[in-house]
Amino acid sequence: MGKLIKNHWARLIVLTASIYQIAAALEGFFWPKVFWDFLTTNLDPAVRPIPILQILNLLLGILGLAWEWPLPIFAFAQTAMHRSIEARLAVYPLSALAALLLYQGTNPGIYYLIGLGVYFWGFSEGEVVCPDPWSLPRRKSANRVGHV
């Protein structure tokens with residue numbers, strides 16, 4: 001059996017979260033609600049009358065989609081930012097926080113947290129993201145000295 005490539009699995013999880021976050025942001029324009037409004041109404045100005053939280057979720061969802069699914073139109077593939085797991089571990093908590101604040105975005109926030117855990121697991125095992133999207137890392141040559 002093959003090895004599980006954690007960054008590919010995390011990429012699929014975060015792709016799901018970012019698409020769901022875009023849908024939640026669009027729904028939030030029509031039904032603005034902060035998830036934590038049962039505790040306090042201090043966060044209501046973030047969604048009404050100016051939809052700041054919805055716009056932030058929309059932009060972060062588009063960023064996550066462009067980052068994890070690097071189509072040629074995004075011009076993001078094969079950049080150092082695309083290959084960096086560390087940058088993902090720094091940006092995706094902000095996406096999760098923004099999603100968790102919006103009532104419609106609680107599920108993508110949880111998906112982001114799961115994807116972050118899987119990215120951290122892969123990072124701690126020394127995985128790297130390949131320059132070409134969805135490709136496998138190259139193996140070292142079998143002609144090494146002392147290799148049996």
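Modeller: First, a definition for what follows: a polar contact is a pair of N or O atoms within 3.5 Å, where one must be able to donate a hydrogen and the other to accept it. Keep in mind that this is a predicted model.

Colleague: Fine. What makes the His8 side chain and the backbone oxygen of Ser135 a polar contact?

Modeller: The His8 side chain reaches that backbone oxygen at 3.3 Å, and the cut-off is 3.5 Å, so the pair counts. His8 itself is in helix 1. Leaving aside neighbours within four places in sequence, His8 is in contact with Trp134 and Ser135.

Colleague: And why does His8 count as buried?

Modeller: Its relative accessibility is 15%, and buried means under 20%, so His8 qualifies.

Colleague: What about Thr40: why is it called partly exposed?

Modeller: Thr40 comes out at 30%, which lies between 20% and 50%, so partly exposed is the label. Thr40 is in the loop between helix 1 and helix 2. A polar atom of its side chain lies 3.2 Å from the backbone nitrogen of Asn42.

Colleague: On to the loop between helix 3 and helix 4, where Gln104 lies. Why is Gln104 classed as buried?

Modeller: Same test: 12% relative accessible area against a limit of 20%, so Gln104 is buried. Not counting residues up to four places away in sequence, Gln104 touches Ala24, Glu27, Gly28, Trp31 and Lys33. One of its side-chain polar atoms lies 2.6 Å from the backbone oxygen of Trp31. Gln104 and Gln21 are 83 residues apart in sequence but 8.3 Å apart in space, C-alpha to C-alpha.

Colleague: Now the rings. Why is the Phe35 and Tyr103 pair called stacked?

Modeller: There are 10 aromatic pairs by this rule. For Phe35 and Tyr103, the ring centres are 6.2 Å apart, against a limit of 6.5 Å, so they pair; the planes are at 25 degrees, under the 30 degrees needed, so the pair is stacked. Phe35 is in the loop between helix 1 and helix 2, and Tyr103 in the loop between helix 3 and helix 4, so the pair ties together parts 68 residues apart in sequence. Phe35, Trp36, Phe38 and Tyr103 form one aromatic cluster.

Colleague: What puts Lys33 over the ring of Tyr103?

Modeller: The charged end of Lys33 is 5.4 Å from the ring centre, and the distance limit is 6 Å. Lys6 likewise lies over the face of Trp121, at 4.9 Å from the ring centre.

Colleague: How do you know that helix 4 has the expected span?

Modeller: Helix 4 covers residues 106-124, 19 residues in total, and reaches 27 Å from first C-alpha to last, close to the 27 Å expected at 1.5 Å a residue. Just after helix 4, Gly126 has a positive phi of about 85 degrees.

Colleague: What do the buried residues of helix 4 pack against?

Modeller: Helix 1 (6-30), helix 2 (52-68) and helix 3 (85-101). Those buried residues include Tyr112, Leu116 and Tyr119. In the largest nonpolar core, which has 15 residues, Val14, Trp67, Tyr92, Tyr112 and Tyr119 touch the most other members. Helix 1, helix 3 and helix 4 each give two or more residues to this core. Tyr92, leaving aside neighbours within four places in sequence, is in contact with residues including Val14, Trp67, Tyr112 and Tyr119.

Conventions: Residues are numbered from 1 along each chain as its sequence is written. This is a predicted model: local features need pLDDT of at least 70, side-chain atom pairs count only at pLDDT 80 or more; totals for chains, interfaces and linings use all residues. Side-chain values use heavy atoms; hydrogens and water are left out. Helices (H or I, at least four residues) and strands (E, at least two) are DSSP runs, numbered from the N terminus. The expected span of a helix is 1.5 Å times one less than its number of residues. Buried means under 20% relative accessible area, exposed over 50%, partly exposed in between (1.4 Å probe, protein chains only). Contact means heavy atoms within 4.5 Å. A nonpolar core is a set of buried Ala, Val, Leu, Ile, Met, Phe, Trp, Tyr and Cys residues joined through side-chain atoms within 4.5 Å. Rings of Phe, Tyr and Trp (its six-membered ring) pair if their centres lie within 6.5 Å; planes under 30 degrees apart count as stacked, over 60 as edge-to-face and the rest as tilted. A charge sits over a ring if NZ of Lys or CZ of Arg is within 6 Å of the ring centre and within 35 degrees of the ring normal.
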